[in-house]
Amino acid sequence: MAQDRDIKYVNKDFGDFRNQLIEYAKNYFPDSYNDFSPSSPGMMFIEMAAYVGDVLSFYQDTQLQETYIQHAKNPANLYNLAYMMGYRPKITSPSEVDIEISQVVGATGGNPNWDQALYIPAYTRIKSTVADQVNFFIDKHIDFKFSSSYDDTEVTVESLSGGNPNEFRLTKIAKALSGEVKTITEVVTSVEKFKTITIDDTNIIGIQSVVDSSSNIWYEVPFLGQDTVFVDNTNNAPDKQSVPFSLALQRVPTRFVTRFLANGQLQIQFGAGINGQDDSVITPDPTNVGFGSNQGVSRIDYAYDPSNFLSTRSYGLAPSNTTLTIKYLVGGGVIANAPANTINTLVGYSGTPTAVDTSKLSTVTFNNTLQAAGGRDGDTVDELRENSLRAFNEQGRAVTLQDYTVRALSMDSRYGSIAKVYITQDQLTNPNSATDSIVDSNPLSLSIYTLAYDNNKNLVPATSTLKSNLKTYLSEYMILTDALNIKDAFVVNIGANFDIIVKPNFSGRDVLLACTNRLKDYFNITKWNINQPINLSSIYTLLDQEKGVQTVQKVEIVNNVGGVYSQYAYDTKGATRDNIVYPSYDPCIFEIKYPDLDIKGRITTL
């Protein structure tokens with residue numbers, strides 16, 4: 001009968017394996033071998049076995065570590081784990097900067113000659129005179145004739161003749177990104193499910209466009225199971241000046257996903273669908289959803305995912321018998337962070353600039369008044385780990401109130417700009433309550449209070465198109481059980497009055513002007529949010545810090561209502577407690593509409 005052996009499985013290194021093998025030999029083969037001196041032949045075999053065990057243990061631990069993103073070291077494994085957790089690694093990041101684009105036009109009747117105002121196509125390329133002469137491109141077209149709150153055209157007098165304007169300078173601000181557009185073509189013959197194309201290049205930022213030989217546009221999606229993308233349509237409603245495009249969701253069968261590899265290459269993967277193939281068997285409908293086998297097994301019993309009713313196994317179409325033209329962007333990195341006033345050399349237009357009169361084309365100039373920033377190299381190993389863990393928690397969904405706030409403020413300005421957002425649980429007055437108490441109308445419903453800017457950067461209610469765009473945009477990130485109500489917040493126009501005593505040997509006029517400028521900056525509407533209270537103690541401290549101020553005697557917040565101001569009156573004195581002016585229960589924001597008129601200061605004496 002075979003003897004049971006006492007074998008231990010906790011050994012991990014060479015010494016533990018060696019000692020355990022020696023003890024094993026002493027216990028079970030005491031008469032066969034007892035020479036355990038370092039130079040004996042038996043010890044050679046024991047130590048060789050311990051060496052093999054140590055190596056195998058090392059590789060086992062290493063393989064186990066490579067399955068956890070916190071411990072993985074192999075770049076290929078890190079990238080796979082990052083994608084699995086919903087994070088898209090960055091090979092390089094482009095530098096961004098606002099470019100000031102201007103041109104000179106003549107004058108007609110004291111006004112600019114708009115016939116000479118140019119239309120410059122998008123993707124115009126400019127170059128920095130430093131930073132290794134990195135190329136930048138402007139991501140949208142420039143139309144000097146068009147002006148709105150989101151795309152303002154500044155008009156200034158360039159020169160005079162006989163006291164009258166002779167020339168005007170038209171100036172616009174556009175976003176520019178570092179990088180270059182490259183193009184490759186891929187000939188696709190027979191259909192191939194989940195066809196993958198690899199772009200072998202360096203510093204790839206991402207895909208710009210994919211178009212086939214039939215002029216069909218292929219859309220990039222986060223994953224092939226998502227069959228809808230955002231598309232924009234020209235807005236012809238009365239609010240088209242502030243909201244140039246309306247946002248819509250469009251179902252797209254021609255789609256693809258991209259994936260970076262650890263070596264910097266970019267893979268493009270398409271779906272598995274074949275044109276003309278009937279998907280009715282795959283996608284259930286009321287006529288076949290209950291069909292099953294003779295044993296009574298229904299199709300819907302194979303999975304509990306309700307998205308089976310919304311997608312198919314094809315995951316989009318697979319290209320066939322066509323030529324794909326792929327445009328992608330390369331560039332970025334730390335070297336693309338160019339200093340201010342250095343991006344001013346034209347490389348070339350992507351098309352021919354147009355105008356009724358193009359004689360002023362040579363007057364077009366470019367310049368970056370601020371430093372180009374944001375360019376950086378790819379993710380480090382530690383950044384890849386931390387970003388992946390963060391992305392896994394976010395899951396690309398709006399869960400908290402802060403998530404909804406960030407999403408609302410992140411909507412592209414082409415669909416209108418949301419200036420202020422305040423989100424709270426939806427509450428309505430109960431009509432059946434004798435005490436007019438506030439009750440929750442829906443515990444899962446949220447109220448989004450919004451405001452937008454007008455051309456003068458004053459707060460106004462969001463237009464109907466802007467609210468519709470916001471609703472469409474947020475619908476892609478909402479949780480199924482959430483409900484949103486988009487409402488207008490109230491604007492309360494205020495003024496600020498203050499009295500100060502000036503120190504001797506200081507100019508009272510200069511000190512008063514400096515204090516007024518401090519309050520203008522303090523009440524700058526870009527720094528204020530809905531339902532933010534006014535802390536009078538902070539204003540006292542702010543004014544007291546100005547050189548030449550001996551004492552701040554009084555600070556008063558008054559309500560300006562009616563006429564050019566908001567129609568909503570507010571009792572600022574009654575709302576003041578412990579030197580804090582509190583907002584109303586209904587979400588509102590305090591705004592100084594005309595700082596030059598509504599901020600008033602006086603110099604007094606003791």
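I started with Met 44, which is partly exposed, with a relative accessible area of 43%. The model I am reading is a predicted one. I looked up where Met 44 sits: it lies in helix H2, residues 41–65.

Then I turned to a sheet. In what order do its three strands stand? I read S29-S32-S31, an open sheet with antiparallel pairing. Strands S29 (534–535) and S31 (576–577) are at the edges. Each has a single partner strand, so one side of each is left without a neighbour in the sheet.

I checked the contact between S29 and S32 as well. Strand S32 spans residues 580–581. How many bridges join S29 and S32? There are two, and the pairing is antiparallel. I also noted that Asn 535 stands opposite Ile 580 in S32. In general, strands of a sheet pair through backbone hydrogen bonds.

The structure holds zero. A disulfide would be a covalent bond between the sulfur atoms of two cysteines. I looked up two cysteines: are they buried or exposed? Cys 515 is buried, at a relative accessible area of 0%. Cys 588 is buried too, at 1%. Both count as buried because their values, 0% and 1%, are under 20%.

Note on methods:
Residues are numbered from 1 along each chain as its sequence is written. This is a predicted model: local features need pLDDT of at least 70, side-chain atom pairs count only at pLDDT 80 or more; totals for chains, interfaces and linings use all residues. Side-chain values use heavy atoms; hydrogens and water are left out. A disulfide is a pair of cysteine sulfur atoms within 2.5 Å. Buried means under 20% relative accessible area, exposed over 50%, partly exposed in between (1.4 Å probe, protein chains only). Helices (H or I, at least four residues) and strands (E, at least two) are DSSP runs, numbered from the N terminus. Two strands pair if DSSP finds at least two bridges between them.
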